[in-house]
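Here is a short briefing on one chain. Keep the model open while reading.

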Amino acid sequence: MIWTFIIFLLLLVILAKVAWKPLIASLKARENAIADSLSRAEQARADAERLIAENKQERAKAEEEVQKALKEGRAFAEQMRRDLVEKAKEEAQRMLSQAHAEIERDTQRALRQLRTEVSDLAVMATSKLLDENMNEERHHNVVHKMIADLTAVEA
């Protein structure tokens, strides 16, 4: 039993010098590799969270730009509609003014023509009156007849 104990101690010393150091170094290397992997995993998680936050900010910014573009588009469309309505009103007013001017010209032309006809009728009536030898009663009859003729012509 003493020999077993001495051999065990001798084996323990040999193993400590030969096997324990490489085994402990291997375990230390494995421990360092695991710690390094955990550190990289933590760094990757932090990067992922940062990227997610940046993505949210970019998405919010893009949404804001879209809303701004929509608002500007609506404002532009509204301005275009107001411009078109204004142009249509101006065109209608211009056409109305032209129609009034044309009516006025036609009215003036009709009045000139009517005056010409009235003056021609007055000349004809005067010439008839002068051609006939009239007494006052006959004179009244001719004037009343001419007035009736003028009324018939105007109607």
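Helices, of at least four residues, and strands, of at least two, are DSSP runs numbered from the N terminus. On that basis the chain has two helices and zero strands. The model is predicted. Of the 155 residues in the chain, 2% are buried.

**Overall surface**
- The chain has an accessible surface of about 14,000 Å². Carbon and sulfur atoms hold 63% of that area.
- Buried here means under 20% relative accessible area, and exposed means over 50%. Partly exposed residues fall in between.

**Nonpolar patch**
- F5, F8, L9, L11, L12, L15, W20, L23, I24 and L27 make a nonpolar surface patch. Its area is about 950 Å².
- L11, one of these residues, is found in helix α1, which covers residues 2-131.
- L11 has a relative accessible area of 45%, so it is partly exposed.

**Salt bridges**
- The whole structure contains nine salt bridges.
- R50 takes part in a salt bridge with D47, with the closest N and O atoms 3.9 Å apart. Both residues lie in helix α1, three residues apart, about one turn of the helix.
- R50 also forms a salt bridge with E54, and here the closest N and O atoms are 3.0 Å apart. E54 and R50 are four residues apart in helix α1, again about one turn.
- R50 is partly exposed at 42% relative accessible area. D47 is partly exposed at 28%, and E54 is partly exposed at 34%.
- R94 pairs with E91 in a salt bridge, the closest N and O atoms being 2.1 Å apart. R94 and E91 are three residues apart in helix α1, so about one helical turn separates them.
- R94 is partly exposed, with a relative accessible area of 38%. E91 is partly exposed at 33% relative accessibility.
- Elsewhere, salt bridges with shared partners join E42, R45 and E49 into one network.

**Pairs separated in sequence**
- E117 is found in helix α1. E117 and L150 are 33 residues apart in sequence, and their C-alpha atoms are 9.5 Å apart in space.
- E117 has a relative accessible area of 35%, so it counts as partly exposed.
- M124 also lies in helix α1. M124 and M146 are 22 residues apart along the chain, with 9.6 Å between their C-alpha atoms.
- M124 is partly exposed because its relative accessible area is 43%.

Definitions and conventions:
Residues are numbered from 1 along each chain as its sequence is written. This is a predicted model: local features need pLDDT of at least 70, side-chain atom pairs count only at pLDDT 80 or more; totals for chains, interfaces and linings use all residues. Side-chain values use heavy atoms; hydrogens and water are left out. Patches are made of residues with over 30% relative accessible area and no salt bridge: like charges are joined within 9 Å, nonpolar side chains (Val, Leu, Ile, Met, Phe, Trp, Tyr) within 5 Å. Accessible areas come from the Shrake-Rupley method with a 1.4 Å probe; for residues, only the protein chains shown count as cover. A salt bridge is a side-chain nitrogen of Lys or Arg within 4 Å of a carboxyl oxygen of Asp or Glu. Buried means under 20% relative accessible area, exposed over 50%, partly exposed in between (1.4 Å probe, protein chains only).
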